[in-house]
Amino acid sequence: MTEKLLQMIQAKGYFNQHKKILVAVSGGADSMSLLHFLYNHQKDLDIQLGIAHVNHKQRQESEYEEDYLRHWAKEHKIPFHYSAFSGKFSENAARTFRYDFFKQIMKEADYSALVTAHHADDQAETIFMRLLRGSRLRHLSGICDVRSFGTGQIIRPFLHIPKAQLPITFHFEDKSNSSLAYLRNRIRLTYIPTLSQENPKFKEHLCLLADEIALMGKALEELTKDITITDLSVFQQQTDAVQYLLIQSYLESFPDLQLPKGQFNQLMSYLRKKLQEKCY
């Protein structure tokens, strides 16, 4: 399986444009699998590794995990970049802190790519979570395997691989992963296993749904690329359905502007009202 995984990653060309890559390593099963895989295949992929680790200071074991990773990196002659979380802890705050730190290290140490260990099970869980939260169709396309990030790209080479097929290596167990206090854990441990009893390929179908929605999104971009959305006369000529999707696409260029569905619908109503008034 490891050889097939290497061939798949080479065929995808994930690292063709990258020499120095920063690997996000928590110490858990997924990130340690990624770290060992990339370390063992540095020559095959023609890459140089660096490790980025954030100690969230939420568990006693985190100090030991940090120490282990620091010594592992030293033993294997790999740069080790570290930060400790500060501020009021929450899942969102921790994620923001991590990714801000990764961007900083990429810029300071000249890494062109951040690599994370997200896999197909993570993708299925993300799609299911967004369904539960009522996300728009375009956001059900899930996690991208490659996208712009910081001064380069973020790459998820395991994204199309089920967790059960990842290489097994030494790792630390985070007891919080079994707590049902977190929505993602409930999805992973309860909701998806229950639905998989009805359809054993439920996770696979969620990922295929995400792929199909992503293809539809790309097709929409290609079909509307010649439409200048800021030209009201051109925008007005489109059907309500096309206007709806064009505004969604336009708002995606402002990532800090997160409009709930209610506010988005109000915006659409306002625009259409103004366009009607202009006609008169």
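Reply: Let's start at Lys-57, which lies in the loop between S2 and H4. Bear in mind that this is a predicted model. Most non-glycine residues have a negative phi. As for the surface, Lys-57 is partly exposed, with a relative accessible area of 41%.

Go on past H4 and you get another one: Lys-77 sits in the loop between H4 and S3.

S2 and S3 belong to an open sheet of six strands, ordered S3-S2-S1-S4-S6-S5, with mixed pairing. S3 (80–84) and S5 (146–149) are the edge strands; each has a single partner, so one side of each has no neighbour in the sheet. On average, neighbouring strands are turned by 25° against each other, ignoring direction. S1 and S2 run parallel and are joined by five bridges. Across that pair, Ile-21 stands opposite Leu-49 in S2.

Ile-21 also takes us into the nonpolar packing. In the largest nonpolar core, which has 30 residues, the ones touching the most other members are Ile-9, Phe-15, Ile-21, Leu-38 and Ile-51. Two or more residues each come from H1 (2–12), S1 (20–24), H2 (29–40), S2 (48–55), H4 (61–75) and S4 (113–115). H2 gives the most, with five residues. To zoom in on one member: setting aside neighbours within four places in sequence, Ile-9 is in contact with Tyr-14, Phe-15, Phe-37, Leu-45, Pro-157 and Phe-158. Apart from this core lies another of 16 residues, including Phe-85, Phe-102, Ile-105 and Met-106.

One last stop is the second largest pocket, at about 270 Å³. Among the residues lining the second largest pocket are Asp-121, Gln-123, His-160, Lys-203, Glu-204, Cys-207 and Asp-211. H6 (120–132) and H8 (202–223) are the elements that each give two or more residues to that lining, and H8 gives the most, with five.

Terms used: Residues numbered from 1 in each chain as written. Predicted model: local features only at pLDDT ≥ 70, side-chain atom pairs only at ≥ 80, totals over all residues. Heavy atoms only, no water. Core = buried A, V, L, I, M, F, W, Y, C linked by side-chain atoms within 4.5 Å. Buried < 20%, exposed > 50% of the residue type's maximum accessible area, 1.4 Å probe, protein only. Helix = DSSP H or I, 4+ residues; strand = E, 2+ residues; numbered from the N terminus. Contact = heavy atoms within 4.5 Å. Pairing = 2+ DSSP bridges. Axes fitted to C-alpha atoms, helices over the stretch in contact; angles between N-to-C directions. 1 Å grid on protein atoms, 1.4 Å probe; cavity = no way out; pocket = protein on both sides within 12 Å on 5 of 7 lines; lining within 4 Å. Points joined across faces, edges and corners; volume = space filled by probe spheres on them.
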